[in-house]
Amino acid sequence: MTAIETADLTKEFGSLCAVDSLNLNIDGEIFGLLGPNGSGKTTTVLMLTTLIRQTRGSASVCGYDTLKEPDKVRGCLSYVPQDMAVDTNLTGRENMLIFARLYGIDNPKDKVDELLGVMDLSGRADDLAKTYSGGMRRRLELAEALVHEPEVIFLDEPTLGLDVSARKKIWQYIHNLNKKGMTIFVTTHYMDEAEKFCDRVGIIDNGKITALGSPAELKAGLMSDVITVRIEGEYHPVNKDGILYVGNSGDEYSYTSENGSEALPVLADALKISGNNVMAMSIHEPSLDDVFLQSVGKQEEEQGFEEWKYRLMLRRR
Ligand SMILES: Nc1ncnc2c1ncn2[C@@H]1O[C@H](COP(=O)(O)OP(=O)(O)O)[C@@H](O)[C@H]1O
Ligand SMILES: [Mg+2]
């Protein structure tokens, strides 16, 4: 049985397709759904956790269909939403006890003690949650999510707004939970985090998965080096053997090549000859950011192709 499975899972809000034909198979791993704001991450999580119904397609969690057996689905998963869900006027322990009682846990006090320990909150358990740092509140929410020993955990942007060291710590806990056998579905728009901590990632843009695989597999789709060029003013494309255009993010244009230091002067010349105003150039190893740029670029090319086919069809009429 697969922990999370979707088939053509789709959600439309009026004319907006927020999630478009998602096909996923996730089991026993830390899976990261990656994408910019508004790309459809939260909508996906809401469908998988039975909180909203899809427009089309199907999804199952722990083998249970999200529409046909929502209670069973809810029984085997936990969901930590994007927005903080801790009552800050209660202590950490009180917050935990509410959850334990809601789930009807036997010996709630022992369970709460154990989980506060797992999340390193024992020392502050009897302080009001409003005195906690953002990272501690997140850890309290994680502890709450573990009360009924779920098989699958959904975390929506668990590190949003936290500082670097708190973010690292959260990922360490996520990793430990996964080692104990839990499947983790986590969304983030921090590509660097996903690259370090996820077994596999799906990159989502405008509701569509544009790349799916382990970070290493996805990066292997690019050549060994990436050259990033900052260009002021209008961009004029260039075409050079062995140097492939990846995509751009604002005024930074990326290319990939097997040998960055050889390609850099060649690219610099070509860009100048084409009339580009090059402000800076740098070489680095491919990252998931580059995979994202490339996958989005490909999608735009395909859309361009669709538009071209449509125009052709109009002309033939
Ligand atoms: N309840 C809703 N009604 C209408 N549009 C929505 C609703 N929820 C989300 N959207 C839209 O769906 C798209 C995806 O949103 P969301 O899943 O929240 O993105 P993300 O979590 O990746 O930032 C966005 O364009 C958002 O504005
Ligand atoms: Mg979101």
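# Ligand shell, core and domains of a predicted model

User: Which residues surround ligand 1?
Analyst: Ligand 1 has around it Phe-13, Leu-16, Ala-18, Gly-35, Asn-37, Gly-38, Ser-39, Gly-40, Lys-41, Thr-42 and Thr-43. A residue is near a molecule if its C-beta atom, placed from the backbone, lies within 6 Å of it. This is a predicted model: local features need pLDDT of at least 70, side-chain atom pairs count only at pLDDT 80 or more, and totals for chains, interfaces and linings use all residues. Residues are numbered from 1 along each chain as its sequence is written, while chains are lettered from A and ligands numbered from 1 in the order in which they are written.

User: How does the shell divide into nonpolar, polar and charged?
Analyst: Three residues are nonpolar, seven polar and one charged. Ala, Val, Leu, Ile, Met, Phe, Trp, Tyr, Cys and Pro count as nonpolar, Asp, Glu, Lys and Arg as charged, and the others, Gly among them, as polar.

User: Which elements supply at least two residues of it?
Analyst: β2 (16-26) and α1 (41-48) do, and α1 gives the largest share, three residues. Helices (H or I, at least four residues) and strands (E, at least two) are DSSP runs, numbered from the N terminus.

User: Why is α1 described as largely enclosed?
Analyst: Eight of its eight residues are buried, so α1 is largely enclosed by the rest of the structure. Buried means that 20 or more other C-beta atoms lie within 10 Å of the residue's own, with C-beta atoms placed from the backbone; exposed means 12 or fewer, and partly exposed is in between. After α1 comes Thr-50, with a positive phi near 70 degrees.

User: And β2, what does strand β1 do with it?
Analyst: β1 (residues 4-13) runs antiparallel to β2, and seven bridges join them. Two strands pair if DSSP finds at least two bridges between them. They form a hairpin with two residues between them, and Gly-14 in the turn has a positive phi of about 60 degrees. Glu-12 stands opposite Cys-17 in β2.

User: Whole protein now. How many helices and strands?
Analyst: There are 10 helices and 14 strands. Of the 317 residues, 40% count as buried. The C-alpha atoms fill a box of roughly 75 × 50 × 35 Å along the principal axes.

User: How many residues has the largest nonpolar core?
Analyst: The largest nonpolar core has 77 residues, and those with the most contacts inside it are Ala-143, Ile-184 and Phe-185. It draws at least three residues from each of domain 1 (4-218) and domain 2 (224-316). Such a core is a set of buried Ala, Val, Leu, Ile, Met, Phe, Trp, Tyr and Cys residues joined through C-beta atoms within 7 Å. Domain bounds come from an automatic or database domain assignment.

User: What does Ala-143 touch?
Analyst: Leaving out residues up to four places away in sequence, Ala-143 touches Met-96, Leu-115, Leu-116, Val-118, Met-119 and Leu-121. Contact means C-beta atoms, placed from the backbone, within 7 Å.

User: Is Leu-115 buried or exposed?
Analyst: Leu-115 counts as buried because it has 22 C-beta neighbours inside 10 Å. Leu-115 is in helix α4 (residues 108-118).

User: Back to the domains. How many residues are in contact?
Analyst: 11 residues of domain 1 are in contact with nine of domain 2. On the side of domain 1 that touches domain 2, α7 (191-197), β9 (200-205), β10 (208-213) and α8 (215-220) give two or more residues each. That side divides into seven nonpolar, one polar and three charged residues. The domain centres, taken over C-alpha atoms, are separated by 35 Å.

Notes
Contact = placed C-beta atoms within 7 Å.
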